[in-house]
Amino acid sequence: MLPLLKFLFRRFMWMILTVWIVYTIAFFLSRAVEGDPFAGERAMSAEVKRYKMERYGYDKPLVSQYARSLWLMTTQLDLHESRKLNEIPVTQLIAEGFPVSASLGIFALVFALALGTVAGVISAVYRYSFLDFSFMTAATLGIAVPNFVLASIAIMLFVFWIPIFPAGGWGTLRQLVLPALCLGAPFAAYIARLTRTGMMEVLNQDYIRTAYAKGLGDRRVVLRHALRGAILPVVSYLGPATAGILTGSLVLERIFFIPGMGSHFIEAALQRDFPVALGMVMVYTMLLFVANAIVDLSYVVIDPRVRLE
Amino acid sequence: MPPAIRQIFPYLALVLLGVGVAWAMSFGTLPPADFTFANGDEVKTLDPGIATGSPEHRILDALFEGLLRLHPVEVPGGAEKNLYENVPLKLLPGVADLPEVTNDGQTYTFHFLPDRKWSNGRAVTAPDFVFSWQRLLHPENAGEYAYQLHYVVGGKKYNLEQLEIGDPVEVELYDRPVPSQMYPRGTMIRGKLAGIWKPEKPTFAKDTPAAEQESQLAQWKKSFVYTVQAETKDVGERKYAPLTGTFRYSKDPSAAVAGGFDDGQIVQCHHVLADFDKVVGIRALDDNTLQVELNSATPYFDQLTAFFSLYPVCRECVEKYGTPEWTRTGHLIGNGAYTLKKHRVRDRIRLEKSATYWNREHVPLEVVDALALKSDTTALNMYLTGQVDWIITVPNTVVQQLREDRTDFYTTPMLTTYFYRVNVNKPPLNDVRIRRALNAAINKALICDEVLKAGQIPARSYVPPGIAGYHSELTGDQDLEEARKLLAEAGYPNGKGMPKVEILFNTNEDHRVIAEVIQQQWRKLGINCELRNLEWGSFLDALSNQKYMVSRSAWTGDYADPNTFLDMFVTDGPNNQTGWSNAEYDRLIEAAKHVSAEERLKLLSQAERILMDELPILPIYFYVTKNMVNPRVKGFRSNIQDLHPLDLLSVEPPNAPTESTTAR
């Protein structure tokens with residue numbers, strides 16, 4: 001148990017350090033952008049602008065703004081309020097947007113895993129067959145085509161041509177299907193290729209031959225013995241895949257009108273809503289750390305050769 | 001790792017995944033609304049005193065009601081006349097009846113109508129408007145639309161903190177319950193301003209950034225010390241107790257002392273402003289009568305009272321929750337036809353018919369959803385599949401197809417002009433002949449017909465057509481010969497030797513295409529022209545600092561009057577941004593404020609003549625609306641300001657036989 005705790009503690013400290021560095025860089029970068037955060041098409045009088053600057057503390061020197069915001073963040077988990085959205089607290093935006101993005105991500109990931117591994121295993125078992133060829137062609141296409149292009153095609157097919165799914169919005173399961181499929185598709189493709197390669201390698205190993213020699217059936221050998229070894233590259237890919245699914249949803253949330261974190265992040269960046277952008281950057285950083293830590297942990301469970309060091 | 005754990009791990013992982021999926025599926029679903037529309041963007045605020053944009057405008061019109069209402073009125077002739085053409089807008093009584101106006105046009109008296117209530121059941125009164133308008137004008141509120149009350153006597157003085165010795169002033173002491181909240185206010189002392197002590201004004205090196213200078217000057221102003229001969233102290237709403245003595249007030253006493261002030265005790269205060277009750281011409285004569293006194297006859301003032309910035313806000317609500325908390329769901333108290341039921345950021349605002357609205361029997365829609373739909377394409381998809389009943393714009397790429405194929409796509413002229421600002425201080429653009437040549441070289445009809453395709457109108461004037469009684473003055477039409485001649489006269493025959501011209505626009509595909517077309521047309525004259533695009537924030541920065549040569553711009557009239565367009569180009573007007581200045585133009589705009597309504601439009605017309613001769617701006621086209629409305633929605637009427645109050649709309653039940661819309 002001790003190595004596990006040590007591992008978690010070390011990872012946690014690294015995460016804190018990284019979040020702090022990311023925050024610092026993002027803070028100063030965002031302020032280095034030229035242009036005034038309150039600019040609008042209609043000119044604002046100097047008085048009005050002064051009161052706005054004072055209200056948000058922008059009149060103070062940059063370093064003291066940084067110190068104050070870091071203090072509030074660490075002591076009170078206060079990420080400030082949005083400057084552009086009626087001063088809604090950033091924590092509230094995250095609380096509203098995260099479950100939405102997370103649901104979308106979970107569905108996309110489950111879909112990618114299910115489709116990817118099944119296709120990969122079939123391809124490897126029936127290698128160089130027509131089925132293998134078509135799966136791998138589809139996978140290559142899936143990796144090459146960006147998800148927003150896929151989304152347009154999916155909308156044309158399943159919203160207009162065969163009207164079975166709604167064009168956008170959030171709240172029902174039917175509204176979730178298309179975006180989750182589009183989000184998961186490139187990852188499904190990648191997982192399929194990883195599984196196939198892994199399976200091909202494992203199926204040639206001695207212990208598989210031993211298993212066959214013992215008289216085990218195809219199904220048992222493939223699913224129990226081969227898959228376990230072949231799935232390792234897929235597991236280690238899950239870390240980056242989580243990252244990809246999180247950031248990939250930025251565009252899809254816009255296309256399918258989904259009020260997730262991605263929409264908040266894009267808009268905040270475009271509108272210079274510094275606190276929101278900073279908050280989102282930090283959430284993404286932490287999510288990636290956690291995802292990677294979980295992947296590393298599961299590695300230990302799956303592969304007896306790996307130890308927590 | 002014990003083997004047991006390793007054994008159960010795959011199952012455990014599956015279970016976890018299952019739990020995750022189950023959680024992801026546990027949505028709360030809202031019952032469908034009667035009517036759903038795409039509101040273009042997330043609202044930035046629901047506070048009438050702060051809001052500026054059109055998504056906010058549509059929601060505020062539903063949640064609040066002004067002294068008057070501006071409504072599109074139905075004209076006989078069915079869809080042909082009401083949807084494919086603009087109907088007139090008419091001012092109707094709102095909280096108050098149509099005002100009594102004195103002969104000089106400077107005093108408006110509004111008599112409140114019965115049964116006007118807040119959603120908490122309290123009657124809407126004249127003091128509510130005094131409170132709301134004072135709040136709008138208060139400098140600390142920092143409302144960008146406060147200038148709409150600069151027409152009122154003393155409004156500008158109060159808003160811009162202008163003070164002179166001898167002025168009646170109000171001092172708000174630094175004893176508010178919550179210092180960062182304007183309401184409830186601190187102790188108010190009223191009296192006469194006897195003197196202002198200022199520390200030495202900071203001086204700047206030439207290369208000090210503007211922002212740095214601004215912040216230092218702001219700090220300097222905070223350390224002013226105001227000497228006030230006190231007369232009264234507020235003991236309740238507009239009730240005063242006598243108070244005598246001379247006091248010294250400063251927003252930042254320690255800075256004042258550090259700056260060298262040594263003339264007695266300083267009391268800290270939030271503000272020293274002109275005494276609102278004495279200086280500003282907004283008065284509640286009784287609970288049901290509001291009198292407004294204007295600087296000069298302002299024929300469009302009644303229209304302004306129907307605009308959202310002058311809507312009333314509920315005092316007890318603002319004081320209880322503070323700003324912006326009072327605008328949240330569950331807190332907000334309005335006086336409009338709808339109440340705020342739900343607000344999910346970047347998803348939707350759900351409005352529900354108000355049970356206290358005076359005209360509730362004539363509000364057909366019970367529940368309305370406003371979607372914060374930013375992508376035009378997604379909005380169109382959702383409209384075409386019946387998820388949304390009204391979309392406010394469509395992607396440009398499909399405009400032509402929609403115009404040919406659909407009978408539910410309505411484009412009518414709007415009160416918005418697309419134009420290029422020209423920086424008249426940048427040679428060679430300081431030469432009016434060059435500006436005229438540039439204008440004469442642009443084929444505006446080509447831009448409207450081949451690029452925009454929604455029936456936009458080529459612009460030869462700055463003020464859009466459609467304002468009753470106003471005659472727009474025009475620039476010349478496209479004329480390449482004339483352009484070449486002008487260019488030669490200016491010393492650049494066939495563009496030889498002319499410095500290159502740069503067109504600046506904010507990053508957007510439509511702006512780029514238009515700029516490219518104009519670039520080509522200018523190249524025909526031999527002018528070397530380049531394009532530069534900037535992201536919105538940097539673009540605005542470049543514009544306000546006049547770091548550009550030619551820049552894409554647009555302006556929408558907030559009210560149907562040429563003044564909203566023309567007064568921005570007076571010398572050093574904050575929205576001028578071209579560096580252009582013309583004494584005769586300034587004189588005409590000023591003179592127009594002091595003459596009869598008819599004469600006024602003539603003077604404004606003359607001013608536009610100067611603008612169109614001097615061309616600090618090159619008008620390009622007038623916008624059109626691009627509404628798509630489900631044919632089962634009734635009561636939708638196209639109009640020049642694209643106003644569509646929700647209380648006018650109704651929806652036919654889906655099963656009822658729908659009357660087919662007439663094809664064009």
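Which residue in β10(B) is the bridge partner of V169(B)? In this predicted model, where local features need pLDDT of at least 70, side-chain atom pairs count only at pLDDT 80 or more, and totals for chains, interfaces and linings use all residues, the partner turns out to be A274(B). As for labels, residues are numbered from 1 along each chain as its sequence is written, while chains are lettered from A and ligands numbered from 1 in the order in which they are written.

That bridge sits in a pairing between strand β6 (residues 168-173) of chain B and strand β10 (residues 267-274) of chain B, which run antiparallel over 5 bridges. Helices (H or I, at least four residues) and strands (E, at least two) are DSSP runs here, numbered from the N terminus, and two strands pair if DSSP finds at least two bridges between them. β10(B) also pairs with strand β9 (residues 240-250) of chain B, this time in the parallel sense and over 2 bridges; Q268(B) in β10(B) is the bridge partner of S250(B). With helix α7 (residues 253-258) of chain B, β9(B) and β10(B) make up a right-handed β-α-β unit (with the strands pointing away from the viewer, the path from the first strand over the helix to the second runs clockwise).

Chain B also has an open sheet of 4 strands, in the order β4-β5-β12-β11 with antiparallel pairing. Its edges are β4 (100-101) and β11 (282-286) of chain B, each pairing on one side only. β11(B) lines up antiparallel with strand β12 (residues 289-293) of chain B over 4 bridges, and R283(B) stands opposite Q291(B) in β12(B). Helix α4 (residues 126-137) of chain B packs on this sheet and touches β11 and β12 of chain B, its direction making about 165 degrees with that of β11(B). Axes are lines fitted to C-alpha atoms, for helices over the stretch in contact, with angles from 0 to 180 degrees between N-to-C directions.

On the domain level, chain B splits into domain 1 (3-87 + 337-407 + 625-651), domain 2 (165-274) and domain 3 (413-624), with bounds from an automatic or database domain assignment. Taken over C-alpha atoms, the centres of domain 2 and domain 3 of chain B are 43 Å apart.

Then there is the contact between the chains, with 46 residues from chain B and 49 residues from chain A (C-beta atoms, placed from the backbone, lie within 7 Å). On the chain B side, α1 (3-25), α6 (210-222), α11 (376-384) and α17 (536-544) each supply at least two residues, and α1(B) gives the largest share, 8 residues.

Conventions. Two residues are in contact if their C-beta atoms, placed from the backbone, lie within 7 Å.
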